[in-house]
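Subject: Structure handover

Hello,

Please find the structure below. My notes on it follow, for you to check against the coordinates.

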Amino acid sequence: MTDFTALPDLAVRTLGGSVVAASDESFAAKENLVNPWAPAFSPETFGPKGQLYDGWETARRRSGGHDWALVRLGLPGVVRGVVVDTAWFKGNYPPRASVEACAVDGYPADLSGADWVEIVPESPLEGDTAHSFPVDAERLFTHVRLNMFPDGGIARLRVHGEVVPDPRLLAGLTVDLAALENGARVTECSDMFYSSPDNMLFPGLARNQAEGWETARRRDGGHDWAVVRLAAPGVIRLAEIDTANLKFNAPGSAALHGRDAAGDWHPVLPRTDLLPDTRHRFRVTSPEVTHVRLDIHPDGGIARLRLLGDLTEAGARAVEGRWNALKH
């Protein structure tokens, strides 16, 4: 997958993103920028501040300057592209926007002294349009600042990139080696007709069947599968296969195999029957593995996949090395 929008949205609320400050939000709240759903609109729905918008909208500026919103990324990472979406803003969108980014430790309230880097230069915008901007900045970021010139409305800000986990939160602990927030990704899958397999790796519990991975119905006698690149090489101690909310479309059974550094596959969980709408947990013992393949028979949906275990020494060094190399 070469399109940067296939990468996780590091700013989305479901991954912990938050809009922590804005210059103004007179017409519509800044928090809407990181909502996970597509922007919605219902014409002629007015509140005390005017037409209701599923986005961020500021007052009309009369004294110069420009508006901005500060977003703390839910997951630190390398940004590969940004989408500035002016959906439904047709007569009140900003004519131009830019994006800056920085990296800081912890949760500071004041970022005025941060080392801000421009990752999207001031660029023209159109109304009711999703604008995609590739980013070429090989460094770690934890926050972004969206600037719009001079004022107006923006529905969504998407910040797509590669998760870079903080090694201090992983080393020496039992962790979920398959968690997106720890740097895991689905690299291959047989089918993603209804939803992305990366959904299985999201934090928290799936609220409905759309928040997991679901394949089309198979008619060829085969089975579906997905390959997960683990956060780092590790040893798996417990596997969790959750079919929550999947009442009539759960797989009949599933199996897990792990791939070692030499590229050889090893059984981790034999083919095991699954129940609908159930959180299944299995004690397992794996060799040191870098990837895991989840096989589901014959098709269906998985809400969440958790693989709890320990980083190897080499895995811990790799996580720490990448973090340090990208943190300028």
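Two residues are said to be in contact when they have heavy atoms within 4.5 Å of each other. Leaving aside neighbours within four places in sequence, D264 is in contact with G258 and R259.

Some ground rules before the rest. This is a predicted model, in which local features need pLDDT of at least 70 and side-chain atom pairs count only at pLDDT 80 or more, while totals for chains, interfaces and linings use all residues. Residues are numbered from 1 along each chain as its sequence is written, and side-chain values use heavy atoms, with hydrogens and water left out.

Overall fold

The protein has 1 helix and 21 strands; these are DSSP runs numbered from the N terminus, with helices being H or I of at least four residues and strands being E of at least two. Its C-alpha trace spans about 65 × 45 × 30 Å along the principal axes.

Of the 328 residues, 52% count as buried. Here buried means under 20% relative accessible area, exposed means over 50%, and partly exposed is in between (1.4 Å probe, protein chains only). Among contacts between residues at least 6 apart in sequence, 78% join residues at least 24 apart.

The protein exposes about 15200 Å², and carbon and sulfur atoms supply 51% of that area. Areas come from the Shrake-Rupley method with a 1.4 Å probe.

As for charge, there are 34 positive and 44 negative side chains, and the centres of the two sets lie 3 Å apart. Lys and Arg count as positive and Asp and Glu as negative, with His and the chain ends not counted. Each charge is placed at NZ of Lys, CZ of Arg, CG of Asp or CD of Glu.

Annotated domain

An unreviewed UniProt entry places the feature "domain: Allantoicase" at residues 16–163 and 183–310. Residues 16–163 are 0% helix and 47% strand, with the end C-alpha atoms 13 Å apart. For residues 183–310 the figures are 0% helix and 51% strand, and the end C-alpha atoms lie 14 Å apart.

Local points

D264 sits in the loop between β16 (253–259) and β17 (265–273). With a relative accessible area of 43%, D264 is partly exposed. D264 and V289 are 25 residues apart in sequence, and their C-alpha atoms are 9.3 Å apart in space.

There are cis peptide bonds to look at. One joins F149 and P150, with omega about -10°; P150 is in the loop between β9 (141–149) and β10 (153–154). Another runs from H297 to P298, with omega near -10°, and P298 lies in the loop between β19 (289–297) and β20 (301–302).

Positive phi values also turn up outside glycine. E44 has phi near 55° and lies in the loop between β1 (18–22) and β2 (46–47). E44 is exposed, at a relative accessible area of 69%. W88 has a phi of about 75°, and its place is in the loop between β5 (67–85) and β6 (96–102). At 32% relative accessibility, W88 counts as partly exposed.

Regards

Definitions and conventions:
UniProt positions renumbered as here; feature names shortened; annotations may be inferred.
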